[in-house]
Amino acid sequence: MCSDRDDPELARARIAGETARHYGTMRFAMFTVFSAVLGALLAFAFSQGGSLFLAHAPYRVGLGVVGLVLSVLFLLAEYRISTLVTFYQEEAFTAGALAPSPDHDDWKGVVLVTMLAPYALSAVFWLLAIFGLIVFPVWPAPAAG
């Protein structure tokens, strides 16, 4: 039986596989944080107090800028993590620790776009909010009639 000490290539392959798994796990932890932070901003915007606050354009723009900046920062971090996951997966393939999945090169692009889409769509939402194209509700609702 061969140990990692006997085969440095096997040790390198295992480290690459473990590192890819680490970054994959980190990707989902980061999405949870993103969802909580941006969800809190949205909850504020659609609350009674938030809607009164956002009735003033400078405050709406300020909240939109905060949401946009956070969305872009998370998008950049997700892009980096996604490229690291792919890099370490390919290192593990090269070292023989993992066999590449069928069509890996085709699907890694689909996965990257899928992982970046929520951040990009959030950035678009906040950009639209900055320019007043997203209308937040006004509380209390005006009386009809």
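Let me start with one side chain. By its relative accessibility, what does Arg14 count as: buried, partly exposed or exposed?

Tutor: Keep in mind that this is a predicted model. Arg14 counts as partly exposed, because its relative accessibility is 42%. That value falls between the limits: buried means under 20%, and exposed means over 50%. Arg14 belongs to helix H1. Now look from Arg14 to Ser51. They are 37 residues apart along the chain, and their C-alpha atoms are separated by 52 Å.

Stay on helix H1 and move to Phe44, which also lies there. Phe44 has a relative accessible area of 34%, so Phe44 is partly exposed. Ser51 turns up again here. Setting aside neighbours within four places in sequence, Phe44 is in contact with Gly50, Ser51, Phe53 and Leu63. Take Leu63 from that list. Phe44 and Leu63 are 19 residues apart in sequence, yet 9.8 Å separates them in space, C-alpha to C-alpha.

Next comes helix H3, residues 57–95. Its 39 residues should span 57 Å at 1.5 Å a residue. Just after H3, Gly96 takes a positive phi of about 85 degrees.

Two kinds of place deserve attention next. One is a surface patch. Val61, Val65, Val69, Val72, Leu73 and Leu76 form a nonpolar patch on the surface, and together they have about 460 Å² of accessible area. Leu76, one of these, lies in helix H3. The other is a buried spot. Ser71 is also found in helix H3. Ser71 has 0% relative accessibility, so Ser71 counts as buried. What touches Ser71? Leaving out neighbours within four places in sequence, its contacts are Phe34, Leu38, Tyr119, Ser122, Ala123 and Trp126.

The buried residues of H4 are His104, Met115, Leu116, Tyr119, Ser122, Ala123, Trp126, Ala129 and Ile130. Their cover includes helix H1 (8–45) and helix H3.

Now check the length of H4. This helix has 27 residues, 104–130, which should span 39 Å at 1.5 Å a residue. The end C-alpha atoms are 39 Å apart, so the two values agree. H4 does have a kink. The kink is about 40 degrees, at Ala117, shortly before the proline Pro118. Just after H4, Gly132 takes a positive phi of about 75 degrees.

Finish with the charged pairs. Side chains of opposite charge can pair when their charged atoms come close. How many salt bridges does a search of the whole structure find? The search finds 3.

Start with Arg27 and Glu78. Their side chains meet in a salt bridge, at 3.0 Å from N to O. Arg27 lies in helix H1 and Glu78 in helix H3, so this pair ties together parts that are 51 residues apart in sequence. Glu78 counts as buried because its relative accessibility is 1%.

Then take Lys108 and Glu90. Their side chains meet in a salt bridge of 2.8 Å, N to O. Lys108 is in helix H4 and Glu90 in helix H3, 18 residues apart, and the pair links distant parts of the chain. Lys108 counts as partly exposed because its relative accessibility is 30%. Glu90 is partly exposed too, with a relative accessible area of 25%.

Lys108 has another partner. Asp105 forms a salt bridge with Lys108, and the closest N and O atoms are 3.6 Å apart. Both residues lie in helix H4, 3 residues apart, which is about one turn of the helix. Asp105 has 55% relative accessibility, so Asp105 counts as exposed.

Technical notes:
Residues are numbered from 1 along each chain as its sequence is written. This is a predicted model: local features need pLDDT of at least 70, side-chain atom pairs count only at pLDDT 80 or more; totals for chains, interfaces and linings use all residues. Side-chain values use heavy atoms; hydrogens and water are left out. Helices (H or I, at least four residues) and strands (E, at least two) are DSSP runs, numbered from the N terminus. The expected span of a helix is 1.5 Å times one less than its number of residues. The bend at a residue is the angle between axes fitted to the seven residues ending there and the seven starting there. Buried means under 20% relative accessible area, exposed over 50%, partly exposed in between (1.4 Å probe, protein chains only). Contact means heavy atoms within 4.5 Å. Patches are made of residues with over 30% relative accessible area and no salt bridge: like charges are joined within 9 Å, nonpolar side chains (Val, Leu, Ile, Met, Phe, Trp, Tyr) within 5 Å. Accessible areas come from the Shrake-Rupley method with a 1.4 Å probe; for residues, only the protein chains shown count as cover. A salt bridge is a side-chain nitrogen of Lys or Arg within 4 Å of a carboxyl oxygen of Asp or Glu.
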